[in-house]
Amino acid sequence: MGVGRAVDEDPLARLLAPPPNETAEEREIRLRLEAEARARSERIDEQLKAEKAALKKNKPVKVLLLGQSESGKSTTLKNFQLAYCRDQWEAERASWRMVVQLNLVRGINQILDLLGEEMAGNTAPALPDSDVSDDDGPSRVPRAGGPLHFSGKHRLLKLRLAPLRTVQRDLEIRIGIHAGGDIGDVINSPPGSPVLGATGRKQEFFVRSATSWKQLHNRSNSDGTNAKMQDAQIRETADIIAGCAEDMKAIWHDPVVREMLGRKGIRMETTPGL
């Protein structure tokens, strides 16, 4: 019988049982504390139920975007952000503006590199330097398969567009990806890109939207001590690019330059900047 009673007894009930020889005052205090604890537990339960209901009501919808390369996945994602995360979209505009500027400047600098190589190794007679005026007409169209004839206009364009090299270097440093930096954000350049050293291929800067460079840029802009400096750099970059706009158009539409790119099999119009 003693073993049966020991098994049937609930240890928790015995723990919660009122102590023997409890006075009326002690009983009143105990009951009040139990009531307060019960009310607190009920409030917590109600709060948990309300949070669960709100979470179930506002449950986020996860969308998986699938598609082949250049099918519009990034465009669709940006359209979602534009429609439902307007504030975040506006905050990212300043950061992505630098990427657009870098793509444009790097494309022009690549053309200048190729132009310099061709002019240095070109054996064809140069056109007279009288072609070096601002209001010159278009360059002479080269014959198919014939030598490329560069003129003083091409030398002048190279000189005028030289500040873009400093702009490119500054943009790369400001974005946070520079030569020898974060190799995770660097990929090999497409075929036809200039060669760098003994590695055989020049590396191209590649910015992923999921990395933290945008957050770092936004934090630096929010810092009052650096805000004025950042604004000055942004204005200076925009002014230099705007000042070189006509020369960039001229070198891009120049028939000799287009023929040079075509002979090398380089399609600059497919690059992000151009």
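In the structure, which is a predicted model, 8 salt bridges are present. Side chains of opposite charge can pair when their charged atoms come close.

Two of the pairs lie within single helices. In one of them, R263 and E259 form a salt bridge whose closest N and O atoms are 2.9 Å apart. Both residues belong to helix α11 (residues 255–263), and because they are 4 residues apart there, about one helical turn separates them. R263 is partly exposed, with a relative accessibility of 38%, and E259 is also partly exposed, at 25%. Elsewhere, salt bridges with shared partners join E22, R30 and E34 into one network. Within this group, the side chains of E34 and R30 meet at 3.3 Å, N to O. E34 and R30 are 4 residues apart in helix α3 (residues 24–57), so they too are separated by about one helical turn. The relative accessibility of E34 is 31%, and this residue therefore counts as partly exposed.

A further salt bridge links two helices. D247 pairs with R160, with 3.4 Å between the closest N and O atoms. Since D247 lies in helix α10 (residues 245–253) and R160 in helix α6 (residues 152–160), the pair ties together parts that are 87 residues apart in sequence. D247 is buried, because its relative accessible area of 12% falls under the 20% limit. R160, by contrast, is partly exposed at 32%.

Helix α7 was examined for its length and its buried side. The helix comprises 13 residues (residues 163–175), which at 1.5 Å a residue should span 18 Å; the end C-alpha atoms are 19 Å apart, in agreement with this value. Its buried residues are L164, V167, Q168, L171, E172, R174 and I175. These residues cover an arc of only 165° around the axis, and they therefore lie on the same side of α7. Among them, Q168 has a relative accessibility of 14% and so counts as buried. Apart from neighbours within four places in sequence, Q168 is in contact with L102, V105, R106 and N109. Just after α7, G176 adopts a positive phi of about 100°.

A nonpolar patch is found on the surface. The patch is formed by V61, V63, L65, L77, F80 and Y84, which together have about 640 Å² of accessible area. One of these residues, F80, is located in helix α4 (residues 73–84). F80 counts as partly exposed because its relative accessibility is 39%.

Technical notes: Residues numbered from 1 in each chain as written. Predicted model: local features only at pLDDT ≥ 70, side-chain atom pairs only at ≥ 80, totals over all residues. Heavy atoms only, no water. Expected span 1.5 Å × (residues − 1). Buried < 20%, exposed > 50% of the residue type's maximum accessible area, 1.4 Å probe, protein only. Arc of directions from axis to C-beta. Contact = heavy atoms within 4.5 Å. Patch = residues over 30% accessible without salt bridge, like charges linked within 9 Å, V, L, I, M, F, W, Y side chains within 5 Å. Areas by Shrake-Rupley, 256 points an atom, 1.4 Å probe, with all protein chains shown as cover. Salt bridge = Lys/Arg side-chain N within 4 Å of Asp/Glu carboxyl O.
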